[in-house]
Amino acid sequence: MMRIECPWCGGRDETEFHYGGEAHIARPEDPDALSDEAWADYLFMRANPRGVHAERWMHAQGCRQWFNVLRHTASHEVVAVYPMGAPRPDHPETAA
Amino acid sequence: MAELREIDGLILTVLRGSGPDFLAAVAAALGFDLPQAPNTGTGEALWLGPDEWLLVSGEDRTGPLETALAGQHCAIVDVSEARAVLELSGPGATEVLASGCRLDLEPLRPGSCAQTALARAHVLLEPRGDGVWRLYVGRSFAAYARAWIEDAIALQPMSAPP
Ligand SMILES: [Zn+2]
């Protein structure tokens, strides 16, 4: 069981949250201009690091707000919580 | 033994909006300020999110709010039929809740509230003081929540440990 620090409600159990996939995937400005390969890359290709991963979470059984989390995929340690729209914080273990 | 009862007749309104104009208009219409700190509430207005509140009253709030907020980007929804209001009280009420809730209930005092899961069902908890808890549950979960709580009451020890 992970504990996640909701920026509004404080620390809560993982089961109160929904996972929203990798963070910072920007929708292409002009999808029509993309090759099939580039579009598929946007839709389907995601990082899968053994280490710190930037991802979106939503406090579904609480305030229902979305936010970003840096989580270590091996230890499940939540190393940072930051608002939607904010850049990914620097972290020593961050391998981009 | 703890006791569970359903409270009928309350008018529940979900109010959404943000910004100084919104907050000022709401305060003027209601006669009090909306709570701004997460997980706080006055009993009449409970914080649900940074731009969302549950209003609890004996009278319809939607009319005055619609007038006060005309032209503003906001949502005013009567959810009286959508939520069941339960009240759990008596000796061991907090222990009954704690047996199905991972949230630490000890620090919760009147003036606070918390949305969390009770036996996996979404619930808004409001401590009313003296070990009395008000629970706002989705109507479709109410029968389940009631049955679960009645079971949990029956499973509590008859007397408190020394
Ligand atoms: Zn929250």
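Visitor: Which atoms coordinate the zinc ion?
Guide: This is a predicted model, so keep that in mind throughout. The distances to the zinc ion run from 2.0 to 2.5 Å, inside the 2.8 Å cut-off for a donor. The donors are A:C6 (SG), A:C9 (SG), A:H59 (ND1) and A:C63 (SG).

Visitor: Is the site of the zinc ion tetrahedral or irregular?
Guide: Look at the angles among the four donor atoms, which span 103 to 122°. To pass as tetrahedral, all angles have to lie between 85 and 135 degrees. That makes the site tetrahedral.

Visitor: In what order do the elements of chain A run?
Guide: Chain A has one helix and six strands. Reading from the N terminus, the order is β-β-β-α-β-β-β.

Visitor: How much area do chain A and chain B bury between them?
Guide: The contact draws on 11 residues from chain A and 18 residues from chain B. On chain A's side, A:W8, A:R12 and A:Q61 supply 44% of the area buried against chain B, more than any other three residues. Carbon and sulfur atoms carry 41% of the total, which is about 1100 Å².

Visitor: Which residue of chain B meets A:R64 in a salt bridge?
Guide: The rule finds two salt bridges across the interface of chain A and chain B, along with seven residue pairs in polar contact. By class, the chain A side that touches chain B has four nonpolar, three polar and four charged residues. For A:R64, the N to O distance is 2.7 Å, within the 4 Å limit. The partner is B:E52.

Visitor: How many residues apart in sequence are the parts tied together by B:E87 and B:R5?
Guide: Over all chains the count is 12 salt bridges, and B:E87 with B:R5 is a pair whose closest N and O atoms are 3.1 Å apart. B:E87 belongs to strand β6 (residues 83-89) of chain B and B:R5 to strand β1 (residues 3-7) of chain B, so the separation is 82 residues.

Notes. Residues are numbered from 1 along each chain as its sequence is written. Chains are lettered from A and ligands numbered from 1 in the order in which they are written. This is a predicted model: local features need pLDDT of at least 70, side-chain atom pairs count only at pLDDT 80 or more; totals for chains, interfaces and linings use all residues. Side-chain values use heavy atoms; hydrogens and water are left out. Contact means heavy atoms within 4.5 Å. Buried area is the accessible area (1.4 Å probe) that two parts lose on being put together, summed over both. A salt bridge is a side-chain nitrogen of Lys or Arg within 4 Å of a carboxyl oxygen of Asp or Glu. A polar contact is a pair of N or O atoms within 3.5 Å; within protein, one must be able to donate a hydrogen and the other to accept it, and residues adjacent in sequence count only if both atoms are side-chain atoms. Ala, Val, Leu, Ile, Met, Phe, Trp, Tyr, Cys and Pro count as nonpolar, Asp, Glu, Lys and Arg as charged, and the others, Gly among them, as polar. Donors are N, O and S atoms within 2.8 Å of the metal (3.2 Å for Na, K and Ca); water is not among the atoms, so sites may look incomplete. Four donors count as tetrahedral if all angles lie between 85 and 135 degrees; four count as square planar and six as octahedral if opposite donors are over 155 degrees apart and all others between 65 and 115; anything else is irregular. Helices (H or I, at least four residues) and strands (E, at least two) are DSSP runs, numbered from the N terminus.
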